[in-house]
Amino acid sequence: MINPEDFEKFREKKRIGKYQIVFLSTFVIIYLLFQIFFSVTIVSGDSMLNTLHDKDIEISIRKTFCSISRGDIVNIKSGYLEEGIVKRVIGIAGDTVEIKDGRVYLNSQILLEDYSVGKTSSSHECIVTVPQGQVFVLGDNREHSADSREIGCISEAEIESILLFSISR
């Protein structure tokens, strides 16, 4: 005959086992979602002030699952850059970007940029028609950013992910 206390202990262990399985399954699913669809990055530097600050945590969606648009903040990994960079997409394929007198013009229209900090300058008159498969990017902190003004247009293949949101530290 089964002792009622032993039966109760068995039921309690079984219930705890179910919670452990649910917790572990949830953890594995979230981990896999982040590995496949999302990316977590820590911002390094001040080139995106005031939008992103040094040491902010970025949650981004991998580029494979969405398309790049003007205004997107993207994570770029390139073979000729020592580390990944974070920049804002200003121009996409076919756009003409011009920088003159401290202002950015997109397709001959002044670009209204309430997010940018500092004067947008270039060492020379800058007029670029963005080639197919590439984007023109700028940092929001224009006076402290290495971007398409210096390194040229960026291949879309070098864009890893697009910012969804950030968490300030």
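1. Start with the largest nonpolar core of this predicted model. This core has 12 residues in all: Ile-61, Ile-68, Val-74, Ile-76, Leu-81, Ile-85, Val-89, Val-135, Val-137, Ile-154, Ile-159 and Ile-162. A second, separate core holds 10 residues, including Ile-90, Ile-99, Val-104 and Val-130. In soluble globular proteins, nonpolar side chains tend to be buried together.

2. Now pick out Val-135 in the structure. Which residues does Val-135 contact, leaving aside its neighbours within four places in sequence? They are Ile-68, Val-89, Gly-91, Ile-92, Val-130, Ser-148, Cys-153, Ile-154, Glu-156 and Ile-159.

3. Next, the largest pocket. Its volume is about 430 Å³. It is lined by 23 residues. Ser-44, Glu-83, Gly-84, Ile-85 and Val-86 lie nearest its centre. Strand 1 (38–42), strand 3, strand 4 and strand 11 each give two or more residues to the lining. By type, the lining has nine nonpolar, eight polar and six charged residues.

4. Then the whole chain. It has two helices and 11 strands. Their order along the sequence is α-β-β-β-β-β-β-β-β-β-α-β-β. The radius of gyration is 24 Å, well over the 15 Å that the globule rule gives for 169 residues, so the chain is more spread out than a compact globule. Its C-alpha atoms fill a box of roughly 90 × 30 × 30 Å along the principal axes.

5. Last, burial and contacts. Of the 169 residues, 33% count as buried. Take the contacts between residues at least 6 apart in sequence: 60% of them join residues at least 24 apart.

Conventions: Residues are numbered from 1 along each chain as its sequence is written. This is a predicted model: local features need pLDDT of at least 70, side-chain atom pairs count only at pLDDT 80 or more; totals for chains, interfaces and linings use all residues. Side-chain values use heavy atoms; hydrogens and water are left out. A nonpolar core is a set of buried Ala, Val, Leu, Ile, Met, Phe, Trp, Tyr and Cys residues joined through side-chain atoms within 4.5 Å. Buried means under 20% relative accessible area, exposed over 50%, partly exposed in between (1.4 Å probe, protein chains only). Contact means heavy atoms within 4.5 Å. On a 1 Å grid over the protein atoms alone, a cavity is a set of points where a 1.4 Å probe fits but cannot get out, and a pocket is an open set with protein on both sides within 12 Å along at least five of seven lines; lining residues have an atom within 4 Å of a point. Grid points are joined across faces, edges and corners, and a volume is the space filled by probe spheres set on the points. Helices (H or I, at least four residues) and strands (E, at least two) are DSSP runs, numbered from the N terminus. Ala, Val, Leu, Ile, Met, Phe, Trp, Tyr, Cys and Pro count as nonpolar, Asp, Glu, Lys and Arg as charged, and the others, Gly among them, as polar. The radius of gyration is taken over C-alpha atoms; the globule rule is 2.2 Å times the number of residues to the power 0.38.
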